[in-house]
Amino acid sequence: MNASTVIGPAAAGEPTGTDVLRLEDLHVSYRTAGGAVPAVRGVSLALPAGGRLGLAGESGCGKSTLASAVLRLLPRSAEVGGRILLEGEDVREMGWGRLRAVRWARASIVFQGAMHSLNPVRRVGDQIAEPILLHEKVGRAEADRRVARLLDQVGLVAARAGAYPHELSGGQRQRVVIAMALACSPRLIVADEPTTALDVMIQAQILRLIGELVAEHGISLLMISHDLAVLAENCDRLAVMYAGRIAEEGPADQVFAAARHPYGRALAGAFPRIGDPASRHGPRGLPGDPPDPAHLPAGCAFAPRCPIAADACREAEPPLIAAGEQRLAACIRMDAWQEAK
Ligand SMILES: Nc1ncnc2c1ncn2[C@@H]1O[C@H](COP(=O)(O)OP(=O)(O)OP(=O)(O)O)[C@@H](O)[C@H]1O
């Protein structure tokens, strides 16, 4: 087995029958006038029933592309390879009718910036009711009762059903979007930077709300953020993505406290200071930006920013290999890391 093809519990040989989401060697490449942009390059992840998986990485690492691929929301210019299994069924092989039935009812997605997900000229209650009326054989009165219950679950009073999106605060709008995501009791919620547009206090409330609701309803969660600390608080496993690949994966507390990959360390804010502090930006102590996927460096894509890179790192891309109990990392220098600390 190629070490880059299967990670997560699947790599440890655990049964896969319970996985709500399973990505197998997912590739996504955008066709552009300037050539192919390989945004996701061979990602495999397994999310068991009730599991909460956090996916971290800086802007441009491919997180949103991966999230959109799960529900086939990518633009036409995207070419997809590999398998995307939702409760064992390959999303890529579904016809449009099947896909419509699956969206909301079995998997729903919460994007950043609720304004993009809500129709500005429709009352929010009607918008929450829509997936219920579409997917379930219930009448308007029952749908309205469900809307009131959902609003209550996300901390809004039932009377808010009559409001238009612009009459609500940013946090309230995001609560409405979460109510929509929950409306048909899906097995999976994908939350892509769900709180980016909100202020810090509200962010914490919304993330806690998502965490509580998925736990209460036994929903699996794929939560995406550039902030490893936020994910560590709300997820049980973490995957760190860099330049379209998984750099590291493992139990959330362990990855956050002691990442095995230097990029994971940097995202956790525990990177040693390197380079000129004045030129630092992005994760603490980490200069520069992720590479342009259309022009990846030879070898490990992280090598140009890595303080422990050796010549061998610039020769071949490191495979994702075992890095402790239930942990994987794609770094041939992970043992040297302890010395470099
Ligand atoms: N429609 C597109 N056409 C061409 N390239 C794209 C397209 N969408 C995304 N990309 C490129 O694919 C790469 C991954 O982008 P993606 O948005 O998935 O990353 P991300 O980690 O989610 O970042 P962000 O948090 O900024 O959304 C980036 O280099 C981006 O420029």
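Colleague: At what angle do helix H4 and helix H6 pack, and how far apart are their axes?

Modeller: Helix H4 (residues 124-135) and helix H6 (residues 170-182) pack at an angle of about 20°, and their axes lie 8 Å apart. Axes here are lines fitted to C-alpha atoms over the stretch in contact, and angles between N-to-C directions run from 0 to 180 degrees. Please note that this is a predicted model, in which local features need pLDDT of at least 70, side-chain atom pairs count only at pLDDT 80 or more, and totals for chains, interfaces and linings use all residues. Residues are numbered from 1 along each chain as its sequence is written.

Colleague: Parallel or perpendicular, then, for H4 and H6?

Modeller: H4 and H6 are therefore roughly parallel to each other, a term for angles under 35 degrees.

Colleague: Which residues of H4 and H6 meet?

Modeller: From H4, Val-124, Gln-127, Ile-128 and Pro-131 meet Val-176, Ala-179 and Met-180 of H6; contact requires C-beta atoms, placed from the backbone, within 7 Å. The residues of this contact comprise six nonpolar, one polar and no charged. Nonpolar covers Ala, Val, Leu, Ile, Met, Phe, Trp, Tyr, Cys and Pro, charged covers Asp, Glu, Lys and Arg, and the others, Gly among them, are polar.

Colleague: What about H6 and helix H7, at what angle do they pack?

Modeller: H6 and helix H7 (residues 200-217) pack at about 15°, with their axes 10 Å apart. That makes H6 roughly parallel to H7.

Colleague: And which residues of H6 and H7 meet there?

Modeller: Gly-170, Gly-171, Gln-174, Ile-178 and Leu-182 in H6 meet Ile-202, Gln-205, Ile-206, Leu-209, Ile-210 and Leu-213 in H7. Seven of the residues in this contact are nonpolar, four are polar and none is charged.

Colleague: Changing topic, how many residues surround the ligand?

Modeller: The ligand is surrounded by 15 residues, and the closest are Tyr-30, Ala-39, Ser-59, Ser-64 and Thr-65.

Colleague: Which element gives the most to the shell?

Modeller: H1 does, with three residues.

Colleague: How does the shell divide into nonpolar, polar and charged?

Modeller: It has six nonpolar, eight polar and one charged.

Colleague: Finally, how many helices and strands does the protein have?

Modeller: The protein has 11 helices and 12 strands. These are DSSP runs numbered from the N terminus, helices (H or I) of at least four residues and strands (E) of at least two.

Key
Parallel < 35°, antiparallel > 145°, perpendicular 65-115°, else oblique. Contact = placed C-beta atoms within 7 Å. Near = placed C-beta within 6 Å.
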